[in-house]
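Trainee: I would like to go through this model with you and ask, term by term, what each description rests on.

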Amino acid sequence: MTNSRTALITGANQGLGRALAEGLAAGMQPQDLVLLTGRDPGRVTSAAAAVAAGPVTARVEGRVLDVRDGGAIAALAAELGEVDIVFSNATARMSPQADPVDEVDAVAETSNLAATRILRAFAPRLRPGGRLIVVASALGTLDKLDDRVAGRFAEVATGDLDAVDALVADWRQAVHDGRAETDGYGTWLNIPSKVAQVAGVRALARERRAADLTENKLIMALCPGLIDTDASRPWFEDMSVAQTPAEAAAWPVQLALSPTFDPAFYGELVQFGKVLPWESGIPVPHTAAA
């Protein structure tokens, strides 16, 4: 680690992203910088000021970043030069009542293309000891997919980020064409989106694993567990077991700030310190058998 560290969180105006910013700012040093980013200038300013006014030690700055804009991501990466911690957390909100056609573009651009752009832009800029974590979900494993497409997602995970983006483009077009169910993608956007996020992490990690582990760098996907937020409440009747954003952020912040990590985490989807198997995953409320 260098004397001064930089942490970047996307989608950090509220919810888990803001809690991650709060946790990092409290755990880092006065010379360190936490960049809280989002696309709405007013909300970014307000959230950054609120985090900075809390029990923090590091510097906190708000930065407008629309992750749907690849040029903006590249420009910020070039400006920062090197980074120590990146949480790719931005996501598009979905509604159970919405037509998938109306939401698939926002989901693909905010959750998927943004994640692969973050990986491309910041993985080469990680300092030794750095952490690059894509916030995904327990839905991001192959068992959550129809057999007709599971093999395609498995294949791109052994390829590169361009292959992942191409499959996301096919899924997106299938939704618009009305063939998503026929092709096996299903109607629930969150499953192909989350599996593609993990596939992107796996694809990049396959190329970088040996070199990154030598320099104590971690690239992984994160399942934070169920969190009580405005975005998650419409999908669950019972939120009694849900975490607060601060509770959900506690372990990821600890991992990001720890000088070491379990090498088994590298390139995997991890929840509360346990790797979720790519092929079999774990049951979740929407997909578990009755």
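Trainee: In which helix is A174 found?

Mentor: A174 is found in helix α6, where helices are DSSP runs of H or I of at least four residues and strands are runs of E of at least two, numbered from the N terminus. Before we go on, note that this is a predicted model, in which local features need pLDDT of at least 70 and side-chain atom pairs count only at pLDDT 80 or more, while totals for chains, interfaces and linings use all residues. Residues are numbered from 1 along each chain as its sequence is written, and side-chain values use heavy atoms, with hydrogens and water left out.

Trainee: Why does A174 count as buried?

Mentor: Buried means under 20% relative accessible area, with exposed over 50% and partly exposed in between (1.4 Å probe, protein chains only); A174 has 0% relative accessibility, and therefore counts as buried.

Trainee: With which residues is A174 in contact, leaving aside its neighbours within four places in sequence?

Mentor: With contact meaning heavy atoms within 4.5 Å, A174 is in contact with R179, A180, D183 and Y185.

Trainee: What makes α6 roughly antiparallel to α8?

Mentor: The axes of α6 (residues 161–177) and α8 (residues 190–214) come within 9 Å and cross at roughly 165°. Axes are lines fitted to C-alpha atoms, for helices over the stretch in contact, and angles run from 0 to 180 degrees between N-to-C directions. Angles over 145 degrees count as roughly antiparallel, under 35 as roughly parallel, 65 to 115 as roughly perpendicular and the rest as oblique, so α6 is roughly antiparallel to α8.

Trainee: Which residues make that contact, and how do they divide into nonpolar, polar and charged?

Mentor: From α6 come L161, V164, V168 and W171, and from α8 come P192, S193, A196, A199, G200, A203 and L204. Ala, Val, Leu, Ile, Met, Phe, Trp, Tyr, Cys and Pro count as nonpolar, Asp, Glu, Lys and Arg as charged, and the others, Gly among them, as polar; the contact residues accordingly divide into 9 nonpolar, 2 polar and no charged.

Trainee: How do you know that β4 and β5 pair?

Mentor: Two strands pair if DSSP finds at least two bridges between them, and β4 (residues 83–88) and β5 (residues 126–135) pair in the parallel sense over 5 bridges. The bridge partner of V83 in β5 is L126, and F87 stands opposite I133.

Trainee: Why is β5 described as largely enclosed by the rest of the structure?

Mentor: Of the 10 residues of β5, 9 are buried, so this strand is largely enclosed by the rest of the structure.
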